[in-house]
Amino acid sequence: DPTQTAVRRQKRSLWTDAWRRMRRSHTAVIGMILFALIVIVCFSAPLFSDYDAQVINSDLALIRKYPVEGHPLGTDELGRGRTSITIALAATVVSSVLGIILGAIPAYYGGATDSIIMRTLDVFMAIPSMLLMITLVNIMKPTTFNLIIAMSISGVPSMCCPTPSVR
């Protein structure tokens, strides 16, 4: 009887119906398993890391100081040196100098030199810069100097390509 089937379907709640449809979908089941694994890893993270060993060491005497010995750009609200600003400034200067030089060479010589340098830079521009920086830092030893090199290399194409148009 069709009316009996319709009445039975109406008696199920929305949640029961959704749960039944979700269990039939293999993609939904895989998604639920992955979500459950992520939740388990998040809640078990304190078991894998010792927070006390990773607390930021701050020098309270250096909180928000203007340039002082050992901290040429001053310190932040926790007394840390502003290393990130130094790294960004150095990477910008290096990538600008290299970009202007690599942009001026093809602009001056043209021809095959222009094609070779610009196509090489096109290859570097095709790679996402964050992926390029992470790869370069992982290939080299992860130090501040190597981070500056990686950031500079990823910034060279964007500095280089406008240079030939300024002939």
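Helices (H or I, at least four residues) and strands (E, at least two) are DSSP runs, numbered from the N terminus. By that rule, the protein chain here has seven helices and zero strands, and its elements run α-α-α-α-α-α-α from the N terminus on.

Welcome to a predicted model, where local features need pLDDT of at least 70, side-chain atom pairs count only at pLDDT 80 or more, and totals for chains, interfaces and linings use all residues. Residues are numbered from 1 along each chain as its sequence is written, and side-chain values use heavy atoms, leaving out hydrogens and water.

Let us look at one helix pair. The axes (lines fitted to C-alpha atoms over the stretch in contact, with angles from 0 to 180 degrees between N-to-C directions) of helix H4 (residues 83–109) and helix H7 (residues 144–160) come within 7 Å and cross at roughly 40°. Contact means heavy atoms within 4.5 Å. Among the residues making this contact are Ile87, Val94 and Leu102 of H4 and Leu147, Met151 and Cys160 of H7. By class, the contact has 13 nonpolar, seven polar and no charged residues; Ala, Val, Leu, Ile, Met, Phe, Trp, Tyr, Cys and Pro count as nonpolar, Asp, Glu, Lys and Arg as charged, and the others, Gly among them, as polar.

Buried means under 20% relative accessible area, exposed over 50%, and partly exposed in between (1.4 Å probe, protein chains only).

| Residue | Class | Relative accessible area |
|---|---|---|
| Cys42 | exposed | 53% |
| Cys160 | buried | 0% |

Across the protein chain, buried residues make up 20% of the 167 residues.
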